[in-house]
Amino acid sequence: MVQDRHLDRRLTMVRRQIEGRGVRDPRVLDAMRTVPRHRFVSRTLSGDAYKDHPLPIGSGQTISQPYIVALMAEAAAIEPDNRVLEVGTGSGYGAAVLAELAASVVSVERHRKLANSAAQVLAELGYDNATVVCADGSQGHLPGAPYDAVVVTAAAPSVPSALIDQLVDGGRMVIPVGPATFSQNLTLVRREGDETTTERFCPVRFVPLVEES
């Protein structure tokens, strides 16, 4: 058995940064303890992989702060039989966490270089239930719809109707909503038939959700 020399750092990250801030879902905590975040950043940044902040991953994008990844996963209330859409693959780290929780994950990334890199790392780590698609994430991924949950890792000025339409009845979406130039509100959207309800629960700062013209 290959020893995981990063395990202690991961356990400390979860205890201090995530559990210590109130995330309680045991499945989310286990996922955060399991996924090797250092594999999703460059080797030069691997020493910072378990610190309490985002890190650059190229193409003007970042890997999100671990706490925010856990908070969004908990808010999405993902069950083991769920189909999940992630908008904004980035490094692939969030997709790996979601793949620990769900039956299947489709993750959409507009930057081909990031999409290819994330797909490679996810495959190397054995996440066969995670598929990366290079496309316009603001339109979701209709071939895989409907989804039990949608997790959006980029900020939108309002909740995209295309993503609501791809939720099952009773589905949940977690998305940062607000202007790209300022902080946004992390928002939970629930679909009940043709109606939706929203709940804001903390300020965040994400890169903008870009819609292809």
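Predicted model: local features only at pLDDT ≥ 70, side-chain atom pairs only at ≥ 80, totals over all residues.

Colleague: What makes β5 an edge strand?

Modeller: β5 (130–134) pairs on one side only, and so does β9 (195–204) at the other edge. The open sheet has 7 strands in the order β5-β4-β3-β6-β7-β8-β9, with mixed pairing. From one strand to the next, the twist averages 15°.

Colleague: Which strands does β3 join, and over how many bridges?

Modeller: β3 runs parallel to β4 (residues 104–109), with 5 bridges between them, and parallel to β6 (residues 147–152), with 4 bridges. Val 84 stands opposite Val 105 of β4, while Glu 86 stands opposite Val 151 of β6.

Colleague: Why is β3 called largely enclosed?

Modeller: A residue is buried when its relative accessible area is under 20%. In β3 (residues 83–87), 4 of the 5 residues are buried, so the strand is largely enclosed by the rest of the structure.

Colleague: Which elements make the β-α-β unit, and what is its hand?

Modeller: The unit consists of β3, helix α4 (residues 93–101) and β4, and it is right-handed.

Colleague: What makes Ser 107 a buried residue?

Modeller: Ser 107 belongs to strand β4. Its relative accessible area is 1%, and the cut-off is under 20%, so the residue counts as buried. Leaving aside neighbours within four places in sequence, the contacts of Ser 107 are Glu 86, Thr 89, Ala 95, Thr 131, Val 132 and Val 133. Gly 90 is 17 residues from Ser 107 in sequence, with a C-alpha to C-alpha separation of 9.3 Å.

Colleague: Which helix lies across β4 and β5, and how would you class its direction relative to β5?

Modeller: Helix α5 (residues 112–124) lies across both strands and runs at about 165° to β5.

Colleague: Which strands does helix α3 touch?

Modeller: α3 (residues 66–75) packs on the sheet and touches β6, β7 (167–177), β8 (184–192) and β9. Its direction makes about 160° with that of β9, so the same cut-off of 145 degrees makes these two roughly antiparallel.

Colleague: How do you know that α3 is mostly covered?

Modeller: Of its 10 residues, 9 are buried; among them are Pro 66, Tyr 67, Leu 71 and Ala 75. The helix is followed by Ala 77, which has a positive phi near 50°.

Colleague: Why is α1 called roughly perpendicular to α3?

Modeller: Helix α1 (residues 7–18) packs against α3 at about 75°, and the axes are 10 Å apart. The range for roughly perpendicular is 65 to 115 degrees, so the angle qualifies.

Colleague: Which residues meet there, and how do they divide by class?

Modeller: From α1 come Met 13, Gln 17 and Ile 18, which meet Pro 66, Tyr 67 and Ala 70 of α3. The contact has 5 nonpolar residues, 1 polar residue and no charged residues.

Note on methods
Residues numbered from 1 in each chain as written. Heavy atoms only, no water. Buried < 20%, exposed > 50% of the residue type's maximum accessible area, 1.4 Å probe, protein only. Pairing = 2+ DSSP bridges. Right-handed = clockwise from strand over helix to strand, strands pointing away. Axes fitted to C-alpha atoms, helices over the stretch in contact; angles between N-to-C directions. Contact = heavy atoms within 4.5 Å. Parallel < 35°, antiparallel > 145°, perpendicular 65-115°, else oblique. Nonpolar A, V, L, I, M, F, W, Y, C, P; charged D, E, K, R; others polar.
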